[in-house]
Amino acid sequence: MNNKKTSPSGPALAGRRRLLGVIAASGAPVVAAALPGAARAATVADPVATPSGPGPASHRASGGLIHREGWLLARSDR
Amino acid sequence: MLVDSLGALDARSRRHEVCVIGSGPAGATIAHALGQAGLSVLLLEAGEESWNEASQAVYEGDFYGGPPLLPMSVSRLRQFGGSSNHWGGWCRPLDPVDLDNKVDGIDAAWPIEPAELERWLEPALRILQLPEFPSPVEFGDSLRQVPFGYSPPVNFATLYGEDFRRSERVDLALGCYVTGFDVEAGRVVHARVRDRDGAERLVAARRFVLCAGGIENSRLLLWANRQSGGRLVPEPAALGRYWMEHPHFTLGHILLEDDFPFEFDSHGAVFIAPTAATIREHRILNCGLRIHPAKEGVARELVTQLACVAPALGEKVFRRLGKRLVCGLLLRASWEQPPRAHNRIVLSDRVDAFGIPRTDLHWYLDDFDRRTPQVAVELLAGELAARGIGRIRLDPWVEGAGGFPPDDEIGGNHHMGGTRMSDDPRRGVVDADCRVHGIGNLYIGGSSVFPSAGFANPTLTIVQLALRLSEHLAASLARDGEQHGTLRIETGRPA
């Protein structure tokens with residue numbers, strides 16, 4: 001994918017946003033899809049690059065909530 | 001005074017003590033403070049008195065990554081006063097925890113103590129015409145309500161323009177584009193300046209301060225360093241890197257089952273943030289949850305959805321809705337992005353009208369950028385539910401369904417990093433005094449020196465750092481034997 005953005009006029013920007021919307025809707029991780037090879041190489045080669053830290057699986061902060069269809073509900077909610 | 005061209009200055013054979021490059025919040029603050037202290041200052045602004053298309057076109061660049069930020073020729077202004085000409089005025093100081101490392105592997109620490117910034121808070125508030133900030137109010141064990149301040153907003157061209165015109169100490173030159181620096185024995189001896197008449201002129205000064213903006217500082221240094229054969233930035237590992245924005249996205253909505261316990265501020269917002277202890281415990285970065293009244297009709301739609309998963313609760317909220325009480329709130333957030341080396345500014349193959357390479361901006365969001373708001377919003381949801389105030393419904397992306405929404409606000413137009421501050425030249429471009437590592441008299445002002453960015457809008461911190469740098473410059477010139485007065489902060493505002 002060529003994600004380079006040139007002469008970012010209003011219509012062009014809208015077009016790019018639609019394009020990225022399609023990528024997002026496809027379920028592909030935007031970062032992986034959009035990261036050009038040069039940038040990935042720069043990350044690997046960079047002597048001062050930092051690791052990514054903990055991933056999303058560990059994000060749960062509050063054990064007292066139930067996730068249901070997008071809602072964060074209390075266990076007692078009926 | 002306002003000088004028509006640098007040629008006129010040549011004729012006067014005047015050598016300035018400090019040359020400040022850029023007249024936005026950082027550059028204007030430094031020039032004004034040093035002029036008040038009795039130092040002779042040359043303030044160079046690449047743009048003109050007001051916006052014009054040709055000048056603005058120099059800011060066009062290419063964006064790589066996603067989701068897309070506003071075009072660089074739109075999100076910033078190349079004119080006298082810089083981007084303060086379209087600044088919204090939202091302010092908040094950084095929290096002390098913002099200057100620390102919070103998460104293993106994420107290099108967010110500043111090489112200065114919070115007290116170094118706090119010293120300059122009160123004068124910065126006066127310049128930005130802000131009252132004192134009330135202290136945050138705890139909301140449960142893990143969160144706090146944090147106040148924002150709203151500058152009128154101050155436009156730095158308006159604030160200091162007349163002072164500069166009348167000043168015998170500050171010379172303001174518009175239409176002067178710095179395109180390089182001559183370096184000898186570890187010091188800048190000249191700035192190379194393209195005057196508005198097209199001529200290249202050499203400007204000498206004892207100190208040079210680059211305040212061209214959160215993207216231009218990196219771009220100009222990258223270009224000038226290339227031109228100097230690497231002598232301008234002898235340790236370039238971090239140059240252009242660790243560039244940051246504050247991601248701005250809608251997280252979802254709050255449906256109230258009881259009265260909202262907070263009063264909305266003058267901009268119709270309430271801000272909630274994790275405490276320092278919460279940030280450390282959950283290994284996240286700082287995050288501002290911003291709550292506004294939702295649009296009409298949203299609450300009714302949310303009640304319908306809630307009734308499907310929790311009918312009794314849905315009925316309770318529906319009764320409240322029937323009494324025409326406020327039920328729906330919009331939940332947005334802006335948060336601290338981990339400084340990443342691959343988020344960076346590089347020189348483009350394309351050039352501007354003066355032959356200087358344009359900017360390629362590489363900016364990506366990663367899993368950590370999702371994790372911080374995920375944790376913060378769950379903590380808020382837990383507190384709202386435990387107190388019987390309401391429930392949160394998240395937008396799908398927050399829970400990991402798809403990428404970040406490309407049609408949201410995305411960023412705050414807060415351009416930070418690229419010439420970050422660090423004691424270690426391999427990890428930063430400037431030292432704790434904002435002096436370029438390895439160069440004796442070149443300094444950088446503005447948000448490009450931020451090693452990390454909290455979630456607070458950056459202008460207040462920019463002004464605090466500008467005042468701190470002004471004091472350092474005055475002191476360092478005094479050590480060199482220059483005569484000058486005491487640093488005084490004049491705001492131009494009636495007492």
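The model is predicted: local features require pLDDT of at least 70 and side-chain atom pairs count only at pLDDT 80 or more, while totals for chains, interfaces and linings use all residues. Residues are numbered from 1 along each chain as its sequence is written, and chains are lettered from A in the order in which they are written.

**Chain A**

Chain A contains three helices and two strands, where helices (H or I, at least four residues) and strands (E, at least two) are DSSP runs numbered from the N terminus. Their order from the N terminus is α-α-α-β-β. Of the 78 residues in chain A, 22% are buried. A residue is buried if 20 or more other C-beta atoms lie within 10 Å of its own, exposed if 12 or fewer, and partly exposed in between, with C-beta atoms placed from the backbone.

**The nonpolar core**

The largest nonpolar core comprises 155 residues, and I21(B) and L289(B) have the most contacts inside it. Such a core is a set of buried Ala, Val, Leu, Ile, Met, Phe, Trp, Tyr and Cys residues joined through C-beta atoms within 7 Å. Helix α12 (residues 459-479) of chain B gives the most to this core, namely ten residues.

Contact between two residues is defined by C-beta atoms, placed from the backbone, that lie within 7 Å. Not counting residues up to four places away in sequence, I21(B) touches G27(B), L44(B), V178(B), A191(B), F208(B), V209(B), L210(B), C211(B) and A212(B).

I272(B) belongs to strand β15 (residues 270-274) of chain B. I272(B) is buried because 26 other C-beta atoms lie within 10 Å. Neighbours within four places in sequence aside, I272(B) is in contact with F139(B), L143(B), Q145(B), L289(B), I291(B) and L380(B). M244(B) is 28 residues from I272(B) along the chain, and their C-alpha atoms are separated by 22 Å.

Two packed helices are described by the angle between their axes and the distance between the axes. Axes are lines fitted to C-alpha atoms, for helices over the stretch in contact, and angles run from 0 to 180 degrees between N-to-C directions. A crossing is left-handed if the near helix is turned anticlockwise from the far one by less than a right angle, and right-handed if clockwise.

| Helix pair | Axis distance | Angle |
|---|---|---|
| α9(B) and α10(B) | within 8 Å | roughly 160° |
| α2(B) and α6(B) | within 10 Å | roughly 25° |
| α2(B) and α12(B) | 9 Å | about 35° |

Helices α9 (residues 298-309) and α10 (residues 311-322) of chain B are roughly antiparallel to each other, a term for angles over 145 degrees, whereas those under 35 count as roughly parallel, 65 to 115 as roughly perpendicular and the rest as oblique. Their crossing is left-handed. A299(B), R300(B), V303(B), L306(B) and A307(B) in α9(B) meet P311(B), L313(B), G314(B), V317(B), F318(B) and L321(B) in α10(B). By class, this contact has nine nonpolar residues, one polar and one charged. Ala, Val, Leu, Ile, Met, Phe, Trp, Tyr, Cys and Pro count as nonpolar, Asp, Glu, Lys and Arg as charged, and the others, Gly among them, as polar.

Helix α2 (residues 25-36) packs with α6 (residues 156-166), and the angle makes α2(B) roughly parallel to α6(B). The crossing of α2(B) and α6(B) is left-handed. Here P25(B), A28(B) and H32(B) meet F156(B), Y160(B) and D163(B), a contact of four nonpolar residues, one polar and one charged.

The residues of α2(B) involved are P25(B), A26(B), T29(B), I30(B), A33(B) and L34(B), and among their partners in α12(B) are I462(B), A466(B) and L473(B). This contact has twelve nonpolar, three polar and no charged residues.

**Backbone features in chain B**

A cis peptide bond joins G66(B) and P67(B), with omega about -10°; P67(B) is in the loop between β4 (61-66) and β5 (90-91). The bond from P152(B) to P153(B) is also cis, with omega near 5°, and P153(B) is in the loop between β8 (149-150) and α6.

R324(B), a residue other than glycine, has a positive phi near 60°. R324(B) is found in the loop between α10 and β17 (328-335) and is exposed, with 7 other C-beta atoms within 10 Å. I410(B), likewise not a glycine, has a positive phi of about 70°. I410(B) is in strand β21 (residues 410-411) and counts as buried, with 22 C-beta neighbours inside 10 Å.
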